[in-house]
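Subject: Structure handover

Hello,

Here is the structure I promised to pass on. My notes on it follow below.

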Amino acid sequence: MMTCCKDSQINRPEDEDLEVIRHSAAHVMAEAVHSLFPDARFGIGPAIKDGFYYDFELPRSLTPYDLPVIEEVMRRIIAADLPFDHRMASRDEACGVFAGQPYKLELIEELPDEQVSIYQQGKFVDLCRGPHVSSTGKIKAFKLLSVAGAYWRGDETRPMLQRIYGVAFATQEELDEHLWKIEEAARRDHRKLGRDLDLYSITDDIGPGLVLWHPKGAVIRRVIEDFWKDEHYRRGYELVYTPHIAKKDLWQTSGHWELYRDNLYSPMDIDGQDYIIKPMNCPGHILIYKSRLRSYQELPIRYAELGTVYRYERSGVLFGLARVRGFTQDDAHIFCAFDQLEEEVVAVLDLAQFMMDSFGFKNYKVYLSTRPEKSAGTPEAWEEATAILGRALKRREINYEIDPGEGVFYGPKIDIKVEDALGRGWQGPTIQVDFNLAQRFDVDYIGADGKEHLVAMVHRTVLGSMERFLASLLEHYGGNLPVWLAPVQAMIIPVADRHVEYARKLEAELREQGIRAAVDARSERMNLKIRQAQLEKVPCMLVVGDKEMESGDMAVRLRSGEQVKLTWQGFTDCLRRAIIERVPDLSPGA
Ligand SMILES: [Zn+2]
Ligand SMILES: [Zn+2]
């Protein structure tokens, strides 16, 4: 398995021991498969993130029921604590050892060395460079997860092998935590929640990667958009709108036609002119800037748009709301003088932090990406702009890592990856300095000296796209969105039909106060209606019966199951406070 270390999902260096354990577990799994299927042919078995896999050619297809059986044999091999013995063999000798193993022989044939490295534990011999643990007993905690088809060497013209995936950790506790996270991630999967909560759909009728926002999803989006717009206006942005299609010439000037051709949709003919559906909002904002002469006194100019763009993505990479073909970016472009750049980047960092904080993302990692091989702009300009981004981060005491060569071709950028409740990273705010477009479009201003100067341009998003951001919110909160974002904030549940009228009155009063309330007026049992509201993850329910009608008090049930009696005033105060403070849930005690 000389290719065992070439997997792209290889672990970080500090996990080296764990990586050795995981790779060793792959050998043990291969030995177990060998003892169950003596005719098995073996591919490769590297360590990957969190675990390992091994590819096999077997006389029959494996099912999930085979995994516990293989695990059991693995446990016996581990209990026997067999040493991993290493030796070097000549190529001829190795070919003899692996006779009947065409995949191993193919690997041996490609090795440049005269001597071939072979490891053996128990009766199982493998072609491998190592390293491994000293003996099988060092593998403490593992589990096999799934079987999938995998072409030999990823080549679809070669045989399809069966790949078994497993995970392994240093301790049972860490393994249990990991398995819990996998289960929790499945429970929080935004595609499942999107269906269960009736937020959106993507159907074959409309086309892959194109999102239909249902009423409840649209409410969440509207709340996010309103909040976003107000905050941008407050911070000196001007909101603009630009068309969804534009002449192809525009995308040639911008360079997108040439550089992003693979992600653009085919041109459409309008009056003999080629038009393209927009993949980006930048050229539109530039044209607004250029609609008249600009003076240095007007700068900085900040145009913001919730701009819907369309980009081609291969169907294989589309994924729920997280990877789509049409999406709305929370986009903005800042046009400023070079000496204003640092101040502007600091302001964007402040806005980004405010946004992440408002939506409850507390942890994030920051990366500063520097000049890639192919780039526009002089080395000096790159150095200067990179230094400006670094200084802005330092001024806000934000720790960051350098991501060498990962800048976009037109300039360096800051990437913020937010961490969700399960510690998974999501693409968050990005801030990019641009040397390219200002030049291509002659975006300039008249300076104090009366001369024309090129502007410095910044592209930035703070949420990314509405689609991906909703996905991250749903998975971060497991669908229990904070009160201010919940499509229905209070569900009123009449106990019997005679309470419906009173329930409607309360609903109207709550709506009057700007609270999203609804009545479940169905003639169903109260408990069923409560359960329904809980499944819909409504933050609070008001149960209305005879007692409540008489006393005017509120029987409040939170989605956590907590129950509390409040006065009408006490209830509305509590709910309004939870909305204004953007907290996850009501706290009636506070
Ligand atoms: Zn190995
Ligand atoms: Zn842009």
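Start at Phe359. Setting aside neighbours within four places in sequence, Phe359 is in contact (heavy atoms within 4.5 Å) with Ile224, Phe227, Leu463, Phe469, Leu473, Tyr477, Trp484 and Leu485.

The model is predicted: local features need pLDDT of at least 70, side-chain atom pairs count only at pLDDT 80 or more, and totals for chains, interfaces and linings use all residues. Residues are numbered from 1 along each chain as its sequence is written, chains are lettered from A and ligands numbered from 1 in the order written, and side-chain values use heavy atoms, without hydrogens and water.

Phe359, Ile414 and Phe571 have the most contacts inside the largest nonpolar core, which has 86 residues. Such a core is a set of buried Ala, Val, Leu, Ile, Met, Phe, Trp, Tyr and Cys residues joined through side-chain atoms within 4.5 Å. Buried means under 20% relative accessible area (1.4 Å probe, protein chains only). Helix H11 (residues 341–358) gives this core its largest share, nine residues. Another core lies apart, with 34 residues, including Ala26 and Leu58.

Overall, 53% of the 590 residues count as buried. The protein has 18 helices and 28 strands. These are DSSP runs numbered from the N terminus: helices are H or I, at least four residues, and strands are E, at least two.

Now look at H15 (residues 500–512) and H18 (residues 568–580). Leu506, Glu509 and Leu510 in H15 meet Trp568, Phe571 and Thr572 in H18.

Best wishes

Notes:
Buried means under 20% relative accessible area, exposed over 50%, partly exposed in between (1.4 Å probe, protein chains only).
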